[in-house]
Amino acid sequence: LVASVLGILSGIIILYFGVKGNQANLPLAIGQLSIALGIFVHFALVSKMILHWPFMYRLGNPLVLIFIPMSYLHVIFYTRNRRWKWFDWLHAIPLLIFLVDYWHVLSLSNVEKLQILQQEVNDLNVLGRFSQSKYFGPGFHQSFRTALFSVYWMAQVYILVKWVKGQPTLTPQNKVWKNWIMLFLGYQFFIWFPFYLSLFGLNIMTTYHIVNSFSIVWLLLSSLSMFFFPSLLYGKFYDHGTNFKTGFRQKTTLMEGEVKK
């Protein structure tokens with residue numbers, strides 16, 4: 001719950017300052033908010049509070065599917081210094097696939113969702129099978145999400161390595177971002193990799209707990225680290241502290257000149 005609250009708080013701050021002037025942080029803000037809300041859904045599941053909030057049933061997976069491409073787009077936006085393009089919407093295709101496949105469940109009434117939850121909430125293994133899949137069958141969405149996450153993760157690592165090698169020297173801001181994104185990606189690895197271990201005999205419930213434990217620790221650390229590095233939380237423009245000071249001095253000088261006049 002603490003990790004979720006910190007994630008939501010940092011996501012709102014990043015979103016606010018991203019809209020004001022740092023477009024590269026907008027995907028990070030959307031991703032931060034989506035994964036924080038996804039972990040809140042997980043909190044509701046393990047605490048069984050979801051029985052009081054049945055409308056949250058099956059919302060965790062679409063929130064993760066939003067986070068995965070947003071994390072990738074943040075790396076793209078930052079390293080290539082670009083903004084949104086029309087083809088970025090193509091990253092929403094996996095989300096649309098899930099929504100189409102599970103719309104018959106998502107559109108159920110709260111009473112009907114509660115009936116399903118009462119059967120599944122005591123066995124997270126059953127919950128994780130996505131057995132109500134209309135077109136793909138049980139187990140597809142968990143495997144698809146894991147494969148998708150791993151592909152996006154490897155793409156982010158490739159882009160990061162290529163960007164670092166292409167920089168003759170890194171500015172202080174770039175060094176801060178590079179160190180933070182390495183921590184960001186390092187913990188992400190343990191969110192998707194354990195699911196592959198289940199192919200070699202690791203118990204699926206053990207895998208589930210490893211993944212969710214690392215998700216929580218990752219969100220907690222990434223959110224906290226942002227508060228210690230304001231340039232990450234507020235955006236690139238905050239990094240130019242000297243510019244703020246210079247601008248303040250220039251404004252003060254102009255005001256003094258006007259007073260003298």
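Angles over 145 degrees between N-to-C directions count as roughly antiparallel. The views below are taken from a predicted model.

**View A. Packing of helix α7 against helix α8.** Helix α7 spans residues 140–165 and helix α8 spans residues 172–197; their axes lie 10 Å apart at an angle of about 155°. The two helices are therefore roughly antiparallel to each other, and their crossing is left-handed. On the α7 side, the contact is made by Gln142, Arg145, Thr146, Ala147, Phe149, Ser150, Trp153, Gln156, Val157, Leu160, Trp163 and Val164. These meet Asn174, Trp177, Lys178, Ile181, Met182, Leu185, Gln188, Phe189, Ile191, Trp192, Phe195 and Tyr196 of α8. By class, the residues of this contact are 16 nonpolar, 6 polar and 2 charged.

**View B. Packing of helix α1 against helix α2.** The axis of α1 (residues 2–21) comes within 8 Å of that of α2, and the two cross at roughly 160°. α1 and α2 are therefore roughly antiparallel, with a left-handed crossing. From α1, the residues in contact are Ser4, Gly7, Ile8, Ser10, Gly11, Ile12, Ile14, Leu15, Gly18 and Val19. Their partners in α2 are Leu26, Leu28, Ala29, Gln32, Leu33, Ala36, Leu37, Ile39 and Phe40. This contact divides into 13 nonpolar and 6 polar residues, with no charged ones.

**View C. Packing of helix α2 against helix α3.** Here α2 (residues 26–46) and α3 have axes that come within 7 Å and cross at roughly 155°. This pair is therefore also roughly antiparallel, and α2 crosses α3 in a left-handed sense. α2 contributes Pro27, Leu28, Ile30, Gly31, Ser34, Ile35, Leu37, Gly38 and Val41 to the contact. α3 contributes Gly60, Leu63, Val64, Ile66, Phe67, Met70, Leu73, His74 and Phe77. The contact holds 13 nonpolar and 5 polar residues and no charged residues. Leu28 and Leu37 of α2 take part in this contact and also in the contact with α1.

**View D. The largest pocket and its lining.** The volume of the largest pocket is about 250 Å³. Its lining comprises 13 residues, and those nearest the centre are Met70, Trp84, Asp88, Trp89 and Ala92. Helix α3 (residues 60–80) gives the most to this lining, with 5 residues. Met70 of α3 is also among the residues that meet α2.

Terms used. Residues are numbered from 1 along each chain as its sequence is written. This is a predicted model: local features need pLDDT of at least 70, side-chain atom pairs count only at pLDDT 80 or more; totals for chains, interfaces and linings use all residues. Side-chain values use heavy atoms; hydrogens and water are left out. On a 1 Å grid over the protein atoms alone, a cavity is a set of points where a 1.4 Å probe fits but cannot get out, and a pocket is an open set with protein on both sides within 12 Å along at least five of seven lines; lining residues have an atom within 4 Å of a point. Grid points are joined across faces, edges and corners, and a volume is the space filled by probe spheres set on the points. Helices (H or I, at least four residues) and strands (E, at least two) are DSSP runs, numbered from the N terminus. Axes are lines fitted to C-alpha atoms, for helices over the stretch in contact, and angles run from 0 to 180 degrees between N-to-C directions. Angles under 35 degrees count as roughly parallel, over 145 as roughly antiparallel, 65 to 115 as roughly perpendicular and the rest as oblique. A crossing is left-handed if the near helix is turned anticlockwise from the far one by less than a right angle, and right-handed if clockwise. Contact means heavy atoms within 4.5 Å. Ala, Val, Leu, Ile, Met, Phe, Trp, Tyr, Cys and Pro count as nonpolar, Asp, Glu, Lys and Arg as charged, and the others, Gly among them, as polar.
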